[in-house]
Amino acid sequence: MRWPYPRILAHRGGGTLAPENTLGAIRLGAKMGFQGVEFDVMLAGDGTPVLMHDETLDRTTSGRGHVAQVSHAQMEGLDAGEGERIPSFEEAARLCRELGLWANVEIKPARGYERRTGDAVARLAAEHWRGAPLQPVLSSFSPVALLAARQAEPQLPRGLLVGRIPPRWREMLQDLECIALHANYRALNKRITDEAHHDGCAVLAWTVNDRRAARKLLAWGADCLVTDRLDRIAPGFA
């Protein structure tokens, strides 16, 4: 496929320069000229999709406990860093639309919530990006979540996230009807990139913070790079 989306994405909104997965991070990415951002979405205890990477609140917020056991209302008063709060996916989607940002939305289900999370994220994404010239790509490490997203909103594009390249990765992309392989950049090489392209799939590399590695990946034909170092790998790097 021809990759119609931005080629350099700000990881978790603002990379290392802002509290991750917050509205402030997304605003910073836009301010620095990024046309696309990546962020994680998990279900709160009341079923509200919120921006969160970990299954617990401990690392990134002033709260403690499992995200799946805390309601969104209970999260409202928590500090997610530098006075930022935990945003709902709805708030993040609206902000992206307001700022003209494309989004790579990672479906990040807590264990046991894979199907439910995939379904909820897909439905909300379809609602908030309705009529947008570029629809978001929904990515996940969970095939179950991706399958649920496909069943809920089959028109939304999907990406298969992997840390290591599984033996049947080409079959998995085909079975889940994904448009792209989203791989740890250390697991990629030119052969894998070429094979993905041969199958009509794009290749997204994460999380690329070294300029030399970024150049090598682009030379291999990688379609998109996700970076934490917004100051080092700028939107025009590709």
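The dialogue below takes the features of this predicted model one at a time.

Q: What is Leu 138 in contact with, leaving aside its neighbours within four places in sequence?
A: The list includes Val 105, Ile 107, Val 121, Ala 122, Ala 125, Leu 146, Ala 149 and Leu 156. Pro 157, Arg 158 and Gly 159 also touch Leu 138.

Q: How many aromatic pairs does a search of the whole structure find?
A: The search gives 6 aromatic pairs. One of them joins Trp 3 and Trp 102 in an edge-to-face arrangement, with 6.1 Å centre to centre and 80° between the planes. An angle over 60 degrees is what makes a pair count as edge-to-face.

Q: Which parts does the pair of Trp 3 and Trp 102 tie together?
A: Trp 3 lies in the segment before strand 1 (8-10), while Trp 102 lies in strand 4 (residues 102-107), so the pair ties together parts that are 99 residues apart in sequence. Both Trp 3 and Trp 102 are buried. With Tyr 5, these two residues form one aromatic cluster.

Q: Strand 4 also holds Asn 104. Is Asn 104 buried or exposed?
A: The relative accessibility of Asn 104 is 2%, so Asn 104 counts as buried, the cut-off being under 20%. Its side chain makes a polar contact of 3.1 Å with the side chain of Ser 139. Beyond four places in sequence, Asn 104 is in contact with residues including Leu 9, Val 37, Glu 38, Phe 39 and His 182. The C-alpha atoms of Asn 104 and Leu 9 are separated by 8.3 Å, although the two residues are 95 residues apart along the chain.

Q: Cavities come next. Which residues line the largest cavity?
A: The search of the whole structure finds 1 cavity of 30 Å³ or more. About 50 Å³ of space lies in the largest cavity. Its lining is made of Glu 20, Asn 21, Thr 22, Leu 51, Met 52, His 53, Thr 60, Thr 61, Ala 80 and Ile 86.

Q: Which side chains does His 53 join through polar contacts?
A: The side chain of His 53 has a polar contact of 3.0 Å with that of Arg 12. A polar contact of 3.4 Å joins the side chains of His 53 and Lys 108. His 53 sits in the loop between strand 3 (49-51) and helix 2 (72-75). Residues touching His 53 include Glu 20, Asn 21, Asp 40, Met 42 and Arg 59, with residues up to four places away not counted.

Q: Where is Arg 12 found?
A: Arg 12 is in the loop between strand 1 and helix 1. With a relative accessible area of 16%, Arg 12 is buried. The Arg 12 side chain also makes a polar contact of 3.5 Å with the side chain of His 11. Leaving aside neighbours within four places, Arg 12 is in contact with Glu 20, Asn 21, Ala 25, Glu 38, Phe 39, Asp 40, His 53 and Arg 59.

Q: What is phi of Asn 21?
A: Phi of Asn 21 is near 55°, a positive value in a residue other than glycine. Asn 21 lies in the loop between strand 1 and helix 1 (23-31), and at 4% relative accessibility it counts as buried. Phi of Glu 82 is also near 55°. Glu 82, in the loop between helix 2 and helix 3 (89-99), counts as exposed at 71% relative accessibility.

Q: Last, what does the side chain of Glu 114 reach?
A: The side chain of Glu 114 reaches the backbone nitrogen of Gly 112 at 3.2 Å. Glu 114 is in helix 4 (residues 114-128) and is partly exposed, with a relative accessible area of 23%. Glu 114 touches Pro 109, Ser 142, Val 144 and Ala 145, not counting residues up to four places away in sequence.

Terms used:
Residues are numbered from 1 along each chain as its sequence is written. This is a predicted model: local features need pLDDT of at least 70, side-chain atom pairs count only at pLDDT 80 or more; totals for chains, interfaces and linings use all residues. Side-chain values use heavy atoms; hydrogens and water are left out. Contact means heavy atoms within 4.5 Å. Helices (H or I, at least four residues) and strands (E, at least two) are DSSP runs, numbered from the N terminus. Buried means under 20% relative accessible area, exposed over 50%, partly exposed in between (1.4 Å probe, protein chains only). A polar contact is a pair of N or O atoms within 3.5 Å; within protein, one must be able to donate a hydrogen and the other to accept it, and residues adjacent in sequence count only if both atoms are side-chain atoms. Rings of Phe, Tyr and Trp (its six-membered ring) pair if their centres lie within 6.5 Å; planes under 30 degrees apart count as stacked, over 60 as edge-to-face and the rest as tilted. On a 1 Å grid over the protein atoms alone, a cavity is a set of points where a 1.4 Å probe fits but cannot get out, and a pocket is an open set with protein on both sides within 12 Å along at least five of seven lines; lining residues have an atom within 4 Å of a point. Grid points are joined across faces, edges and corners, and a volume is the space filled by probe spheres set on the points.
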